[in-house]
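Biologist: I have a model open on my screen and would like to learn how to read it. Could you walk me through it, one feature at a time?

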Amino acid sequence: MCPAGNLLTTTGTIGSDHTLRYFALRSVCEACSLKPKCCPKTPSRKVTRDVHEDARDVARALAGTDAFEQSRRDRKRVEMLFAHLKRILRLGRLRLRGPLGAQDEFTLAAIAQNLRRLAKIAAQPPPAAACVT
């Protein structure tokens, strides 16, 4: 839609830059009172929109919600584990071939990671009992 509320049309052809081009009819723009502000240097209004912009609009709408923030925290925890596997345990490149070899190598790395976490938890002293008076 243009600022005056007129519908912009498209041919449906996707350009090499993955965008759809929307345009208004020249006759509609010439009769419009907002033309000096809307498109002062062109004969009619032209707008490009990326083909994935609808998905981005949905993501922008969800970005401020509590569920999105919780999902973001959960994703961060998982991503940190993968970063640790790649950086500390040197799992950036798999050495075994085939899907089963990759699964075995990843499973061993995950076991090592879980054992390290278990050792940290077990090494902590038990919490002191609260005094009741």
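Modeller: Happy to! Let us begin with a term: a cavity is a set of grid points where a 1.4 Å probe fits but cannot get out. Keep in mind that this is a predicted model.

Biologist: How many cavities of 30 Å³ or more does the count come to?

Modeller: The count comes to one cavity of 30 Å³ or more. The largest cavity holds about 60 Å³ of space.

Biologist: Which residues line the largest cavity?

Modeller: Its lining includes Cys 2, Cys 29, Cys 32 and Cys 38. Pro 3, Ala 4, Asn 6, Ala 24, Leu 34 and Lys 35 also line the largest cavity. By class, eight of the lining residues are nonpolar, one is polar and one is charged.

Biologist: Thanks, that is clear. Now the sheet: how do strands pair in general?

Modeller: Strands of a sheet pair through backbone hydrogen bonds, in either a parallel or an antiparallel way. In this model, three strands make an open sheet in the order β1-β2-β3, and the pairing is antiparallel.

Biologist: Which strands stand at the edges?

Modeller: β1 (9-14) and β3 (46-50) do. Each has a single partner strand, so one side of each is left without a neighbour in the sheet. On average, neighbouring strands of this sheet are turned by 25 degrees against each other, direction ignored.

Biologist: How many bridges join β2 to β3?

Modeller: Five bridges join β2 to β3, while β1 and β2 (residues 19-23) pair over three bridges. Thr 10 has Tyr 22 in β2 as its bridge partner.

Biologist: And what lies between β1 and β2?

Modeller: β1 and β2 form a hairpin with four residues between them. Look for His 18 in the turn, where phi is positive, at about 60 degrees.

Technical notes. Residues numbered from 1 in each chain as written. Predicted model: local features only at pLDDT ≥ 70, side-chain atom pairs only at ≥ 80, totals over all residues. Heavy atoms only, no water. 1 Å grid on protein atoms, 1.4 Å probe; cavity = no way out; pocket = protein on both sides within 12 Å on 5 of 7 lines; lining within 4 Å. Points joined across faces, edges and corners; volume = space filled by probe spheres on them. Nonpolar A, V, L, I, M, F, W, Y, C, P; charged D, E, K, R; others polar. Pairing = 2+ DSSP bridges. Helix = DSSP H or I, 4+ residues; strand = E, 2+ residues; numbered from the N terminus. Axes fitted to C-alpha atoms, helices over the stretch in contact; angles between N-to-C directions.
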